[in-house]
Amino acid sequence: MKVLLFANTDWYLYNFRLSFARYLRELGYEVVLVSPAGEYGTKLAQAGFRWIPVQLNRRSLNPVKEILFLRQLTHLYESERPDLVHHFTIKCVVYGGVAARLARIPAQVGAVAGMGYVFTSRALRAKALRPIVRTLLKSALDQERGMLVVQNSDDLHDFVRADLVSKDRITLIHGSGVDMSRFLPRQSRTNHGPLRILFAARLLRDKGLYELMDAIKMLVDKGLELDVMIAGTGDAGNPASIPDKIIDQWRTEGLANFLGHVSDMPSLLAKSDVMVLPSYREGFPKSLIEAAAVGLPIITTDVPGCREVVDHGLTGLLVPVRDAASLARAIQLLALNPQLRKQMGGNSQQKARAEFDQEIVFSKTHEVYAKLLPLKTRHPHQSSESVLVTSELKLHYPH
C-alpha cells in the first residue's frame, strides 16, 4: 500500500515527519514524500525515501501560477496513485485535497497547526481570500474517506465553530511527538552561575522574540546574569520573519548568543536550564515537548498549543501573551530558585514520557489511516481484525 506525505517545505518533512515515515515503512507501506525543492530533499532521499519536488510557492497569490500548480499536483497524484495522501499545513491541505478529489485518491488526511493566515489575519487580502479558501477547504474535507487532524483542543473547537469541517471529520492528535530514545533526562544544574535560557524556534515576530529580548533587557538592567541562547533561523517565506538588521542589533547589544540552525538539539538542551517560548499561538510546539523530555522547566505563554504542554506551577510557568514584564518576572523567579527548577524539570520529564512520546502519536495517526482506508487497500498482512492491534505495537527502527 502506498502513502504520500505532502508538506510546504522539505525542512518540515525532515524535521517533523521523517520518523513517522520510517514508522510507516516498518509497517510495510510504500512512502512517497512531496514538497518544494530545498536543501533537505537530498537528506530525505539519503534516508531511503523517494522524494518528489513540486513548484509550490507558499506566498504566491497569482491565480495563473496557482492553477498551474494545482494541475501539476493533480497529475502527480494521478501518476502515483497512492492509496492515501497526508497533507500538512493549510495550503497543502487545500490544494492537496482538491487534487486528491480530482485524481480520485481513495483517502486523504489533512494536518494543520491552527487556522492559518487567511482565517486569523485582519488584513484586507486575507479577508478577500477567506471565502475562496473556505469553499476549497470544505470541498477537500467533505468526503467519506477524509479526516482533518489538529494539534490542540482550541483549534478543534475553532474549525468546528467556523463550520469548516464537521465533528465527525476532525480529530485531535498532539503534534508529531518526541523520540524518547534521543531526548534523554539531563542532570539539573543547581549552582549559582548565570541562568542558561534556551529559545528554539524560527526567528519570527509571532514566536515572541521581541518580548523575550525586552524581558532580557529588563533583567540585565536589574543586574541579573543570564546566558541566553537562540537556536533557529529566519524564514524568507514568512511575512513575520524578523529582519536581519534587528537580529544584528540584538547581537551587538550582547543580549543573546544567536546559534543559527542547530542539528543536535539533545546536546543543546542538556546544556540549558530553562526553555522559553513566548509565542502568540502554536499548534503543538515540538521544541517544548523536546525540552520536557529531557527534564527542563518551561516558560511559555498561556495560548493555544503552548498551554497544553505546560501545567502551570508544576512543569513550568505560563505568562500572558505579548507581556515582556510578566515574562521577565517568570525568568527571574526560576533564575533565583534552582531547586524549583529541578522540581519542575522532573515533573516536566514525567509528563513528556506519559503524553508526548512519538510512539503515541504514530499509533493514533495510524488508527486514522486504518479507519479511512478501504479494506482491499490495507496492508496485505493486516486482516480486518488486526488493523487496530497493529497500531498498538511499539516498533523500533534506526534513526
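Select His86 first: this residue is buried, with a relative accessible area of 3%. Buried denotes under 20% relative accessible area, exposed over 50%, and partly exposed the range in between, with a 1.4 Å probe and protein chains only. His86 lies in strand 4 (residues 84–88). Strands here are DSSP runs of E with at least two residues, helices are runs of H or I with at least four, and both are numbered from the N terminus. The model is predicted, so that local features need pLDDT of at least 70 and side-chain atom pairs count only at pLDDT 80 or more, whereas totals for chains, interfaces and linings use all residues. Residues are numbered from 1 along each chain as its sequence is written, and side-chain values use heavy atoms, with hydrogens and water left out.

Next, show the surroundings of His86. Leaving aside residues up to four places away in sequence, His86 touches Leu4, Leu5, Phe6, Phe20, Val109, Ala111, Thr365 and Tyr369, where contact means heavy atoms within 4.5 Å.

At its start, a side-chain oxygen of Asn152 reaches to within 3.1 Å of the backbone nitrogen of Asp154.

Just after helix 7, select Asp163, which takes a positive phi of about 60°. Asp163 belongs to the loop between helix 7 and strand 7 and is partly exposed, with a relative accessible area of 47%. Then go to Arg104, in the loop between helix 4 and strand 5. Arg104 also has a positive phi of about 60°, although it is not a glycine. Is Arg104 buried or exposed? Arg104 is exposed, at 71% relative accessible area.

Select helix 12 (residues 324–335) together with helix 13 (residues 338–355): they pack at an angle of about 100°, with their axes 6 Å apart. Axes are lines fitted to C-alpha atoms, for helices over the stretch in contact, and angles run from 0 to 180 degrees between N-to-C directions. Helix 12 is therefore roughly perpendicular to helix 13, a term for angles of 65 to 115 degrees. Show Leu333, Leu334 and Ala335 of helix 12 with Pro338, Leu340, Arg341 and Met344 of helix 13, as these residues make the contact.

Gly193 sits in the loop between strand 7 and strand 8 (195–200) and counts as partly exposed, at 37% relative accessibility.

Finally, display the whole protein, which has 15 helices and 13 strands. Of its 399 residues, 57% count as buried.

Key: Angles under 35 degrees count as roughly parallel, over 145 as roughly antiparallel, 65 to 115 as roughly perpendicular and the rest as oblique. A polar contact is a pair of N or O atoms within 3.5 Å; within protein, one must be able to donate a hydrogen and the other to accept it, and residues adjacent in sequence count only if both atoms are side-chain atoms.
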